[in-house]
Amino acid sequence: MAEIIELDIERIAQGGDGVGRLGELVVFVAGALPGERVRAIIKERHSRFLRATVSEIIHASPDRVAPIVSPGDHVPWQHIAYPAQVCYKTAIVAEQINKFLPGVDVPVQPVIAAPQPWGYRNSARLHADGAALGYHAAGAKTVVDLTDDPLLLPALRAALAGLRQLPFAGLIKEVTLRASATYGYAAARLEPLPTADRRALARLAAAWMAATPVLAGVTLGDEPLVGTEAIYDELGGVVFRLSLGSFFQVNHAQAERMVEVVRAALAPRGGRLLDAYSGVGSFALPLAAGYDEVVAVEAYHPAVHDGRQSAADNHITNVQFIAGVAERVVSQLPGPFHAAILDPPRRGCHPALIEAIIAHQPERIAYISCHPGLIGRDLAPLLTAGYHLTLVQPIDLFPQTPHIETIVVLCR
């Protein structure tokens, strides 16, 4: 039989679980909030901690609200009132900074809250399993069928509704939806099953576009199938061309704020800027006017193509896009660089890239983290090399989830 425990929840942990104690053991309780007393089912036992899930709320937090999505594994914080989500995220970043960078005397700024806690996502990656279409269940590969997703921009909700009316079973294993927040239309990228017939896929795409006026194009992987193979969106005063597989921040309004924070922190005044893990140039292109030269390094070739095309479309001539792995390319680049932007994927920066940045000795560095637990690991060598923190600014790109983006600025 399942073992049930009763405990008080004291705080919230990196990753979003409530934290309590059972004797000497720390207990991480999924779905529990600080200030609550709960009964929880133990799922994992370790020597120093337990993992559990809420089975009953004995005393509820005033921050608890009724969820609106069911099932809602992709919105694990929808039971938390949005102002409280913002406060919790500030506390998580502060805890991680204090834990992994002890003695650093820079206050964590309050999280920049999202203007839209729902209806903000401009992209979605959905999985298909027969007639089921949705996201994977938490910690599993099971597809949870989802009729609608209120996290998405209206154009994507319309595209999802249009596809669900059509016979896609047996044809696709995955679909990526992307919308232009600026212009209000969408496009889609299909990943077919190995046995799928191309003509059937073309008919599906044509029927989908006919049933969905906001859908402007469908690709088969990176290959055009019908309509447009890219969308256009604006960020930081630049019009971007975006292939459907290229990375772009999912929350357009908050991405604008990120560009503003980075621009203000770096205070561009000529010289050279390095943008590592640059993607399509979402920082490099908006900040280009403040520098003599910008070097943008990105491993994903379609994103490099998008960045070059966007630069040409906007008549930006001082940005050089280099296709390659950042930790290999940056060490070979000639200096000096006056500023650097590091915007790594969730796994953080490669140690060789940090070493290359230290060798280049930029005066200012903007480091963007999507995993607070890795900030200390990535920044410790920079602090040892003589840099000091001047800003820790969390920003909420992902309301209704525990994910946190943090902009950290260093100077030497």
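Colleague: The part I have in mind is Gly-227: in which strand is its place, and with which residues is Gly-227 in contact once its neighbours within four places in sequence are left aside?

Modeller: Gly-227 has its place in strand S12, which covers residues 223-227, and, since the model is a predicted one, what follows describes computed coordinates. With its neighbours within four places in sequence left aside, Gly-227 is in contact with Met-209, Ala-216 and Gly-217. Ala-206 is 21 residues away from Gly-227 along the chain, and the C-alpha atoms of the two are separated by 8.9 Å. Gly-227 counts as exposed, because its relative accessibility is 52% and the word applies over 50%.

Ser-123 lies in strand S6, residues 123-129, and Ser-123 counts as buried because its relative accessible area is 10%, where buried means under 20%. Leaving aside neighbours within four places in sequence, the residues in contact with Ser-123 are Leu-152, Leu-156, Leu-177, Arg-178 and Val-250. Ser-123 and Ala-187 are 64 residues apart in sequence, while from C-alpha to C-alpha they are 9.7 Å apart in space. Thr-406, found in strand S21 (residues 405-411), is also buried, with a relative accessible area of 0%.

Ile-375 leads on to a pair of helices, for helix H9 is made of residues 375-384. The axes of helix H8 (residues 351-360) and helix H9 come within 10 Å and cross at roughly 25°, and because angles under 35 degrees count as roughly parallel, H8 is described as roughly parallel to H9. The crossing of H8 and H9 is right-handed, and the contact is made by Ile-354, Ile-357 and Ile-358 on the side of H8 and by Asp-378, Pro-381 and Leu-382 on the side of H9. Sorted by kind, the residues of this contact are five nonpolar, no polar and one charged.

Last come the cysteines. A disulfide is a covalent bond that joins the sulfur atoms of two cysteines. The count of disulfides in this model comes to zero. Cys-370, for instance, is in no disulfide, as the nearest cysteine sulfur, that of Cys-349, is 10 Å away, whereas a disulfide requires the sulfur atoms to be within 2.5 Å. Cys-87 counts as exposed, at 52% relative accessibility.

Methods:
Residues numbered from 1 in each chain as written. Predicted model: local features only at pLDDT ≥ 70, side-chain atom pairs only at ≥ 80, totals over all residues. Heavy atoms only, no water. Helix = DSSP H or I, 4+ residues; strand = E, 2+ residues; numbered from the N terminus. Buried < 20%, exposed > 50% of the residue type's maximum accessible area, 1.4 Å probe, protein only. Contact = heavy atoms within 4.5 Å. Axes fitted to C-alpha atoms, helices over the stretch in contact; angles between N-to-C directions. Parallel < 35°, antiparallel > 145°, perpendicular 65-115°, else oblique. Left-handed = near helix turned anticlockwise from the far one by under 90°. Nonpolar A, V, L, I, M, F, W, Y, C, P; charged D, E, K, R; others polar.
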